[in-house]
Amino acid sequence: RCKNVSVSFWNSYWMLPSDVCGMNCFWEAAFRYDYMKTHPSEKMHLAVVACGERLEETVTMLRSAIIFSIKPLHFHIFAEDQLHESFKDILDEFLYEGKVNYTLYPITFPSESAGEWKKLFKPCASQRLFLPLILKNVDSLLYVDTDILFLRPVDDIWSFLGKFNSTQIAAMAPEHEEPRIGWYNRFARHPYYGATGINSGVMLMNMTRIRRKYFKNDMTPVRLQWGELLMPLLKKYKLNITWGDQDLLNIMFFHNPESLYVFPCQWNYRPDHCIYGSNCKAAEEEGIFILHGNRGVYHDDKQPTFRAVYEAIKNYSFGDDLVLSLLQPLEQELQKTMHTYCGRVYKVFIKQLTKSIRDLYARRSKG
């Protein structure tokens, strides 16, 4: 276990506890870094869909991806036309070290059904369903919502692609850890994956496999490919779904459970994991890896712990000292939130972030 590995250099630097990496499994870490070592030139592809007032939030997410990542990143940004120029102006300013490229795309739906897809749940949200069909030359892709923040390198979640077995085509986290507060198992009027459903805010995809696969379904005994399945599925369930495209993905993987790799809750940590009491045990042990501020919590006062992390990353300037300019001010703000349920476990919000900063400086010190 990682707590037995010497971190004395960093202890002397920051005077932090020797078991800061908690119960993080040494062999899991070894696997991830071995995967990165054997795929050194691989470019990671990250996609996001931004509509309406999501420019700042999307840019903050991209900043968090850039800060810690090791391998080159290519951002695929799907946005309304009026946002393209703003994205270009901002990204051209802070993309650095030659490790980041981006491509801007218009919002695109099949012409014969564009109206229905645009109205499904939030504007543009269902665009993610069509990424395997649009990005035909991209083998693998990490899709994230705009309200995602990376607290460790994108490389680490990307390495899960190497853990897929021969039948798995995508990876997501459960919607809930605690069935008593689960939405799908209490209210859903359609099939859903597993005991509590899955959340599609962080979705890792082997898109080559998705394009090749023929999916079991409850509409015909004939298996259908991804592009053939989407519209019939919407027509059958559109009166029964609440969360739009996420519900459709739950239905798909209910019928094809062997196709999904499920990663733990600290890779998609949301307010539901702490507002009713802490119920993501993996985050308690290892810290939060990816923060998901759904329900607008980055922009109101309902969950100040989430907002503090968002503001800290939004205000960080590339090149500044990450300890003095990000970590220490953030911890001071988080301590002010201890009157809330999430604030009571505020240390899980900085546990992995602390380790990510240490690792980044260690890589830099080695040249």
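Of the 42 residues in the largest nonpolar core, which touch the most other members? In this predicted model, they are Trp117, Leu131, Leu141, Met205, Leu248 and Phe253, a nonpolar core being a set of buried Ala, Val, Leu, Ile, Met, Phe, Trp, Tyr and Cys residues joined through side-chain atoms within 4.5 Å. Buried here denotes under 20% relative accessible area, exposed over 50% and partly exposed in between, with a 1.4 Å probe and protein chains only. Because the model is predicted, local features need pLDDT of at least 70 and side-chain atom pairs count only at pLDDT 80 or more, whereas totals for chains, interfaces and linings use all residues. Residues are numbered from 1 along each chain as its sequence is written, and side-chain values use heavy atoms, with hydrogens and water left out.

At least two residues of this core are supplied by each of β1 (44–50), α5 (114–119), β4 (140–144), β6, β7, α9 (207–212), α10 (226–237) and α11, where helices (H or I, at least four residues) and strands (E, at least two) are DSSP runs numbered from the N terminus. The largest share, seven residues, comes from α10. Leaving aside neighbours within four places in sequence, Leu248 is in contact (heavy atoms within 4.5 Å) with Trp117, Leu120, Leu129, Leu233, Leu234 and Ile241. Another core, of 38 residues, lies apart from the largest one and has Ile148, Phe150, Phe160 and Ala173 among its members.

Seven strands form an open sheet with mixed pairing, in the order β3-β2-β1-β4-β7-β6-β10; two strands are taken to pair if DSSP finds at least two bridges between them. The edge strands, β3 (100–105) and β10 (260–262), each pair on one side only. Within this sheet, β6 (residues 170–174) pairs with β7 (residues 198–206) in the antiparallel sense over four bridges, with Ala171 partnered by Leu204 and Pro174 by Ile198. Helix α11 (residues 245–255) packs on the sheet, touching β6, β7 and β10, and its direction makes about 65° with that of β7, axes being lines fitted to C-alpha atoms, for helices over the stretch in contact, and angles running from 0 to 180 degrees between N-to-C directions. The pairing of β6 with β10 is parallel, over three bridges, and Val262 is the bridge partner of Met172. Five of the five residues of β6 are buried, so this strand is largely enclosed by the rest of the structure.

In helix α13, the buried residues are Thr305, Phe306, Ala308, Val309, Tyr310, Ala312 and Ile313, and they pack against α3 (55–68), β5 (148–150), β11 (290–292), α14 (322–335) and α15 (347–365).
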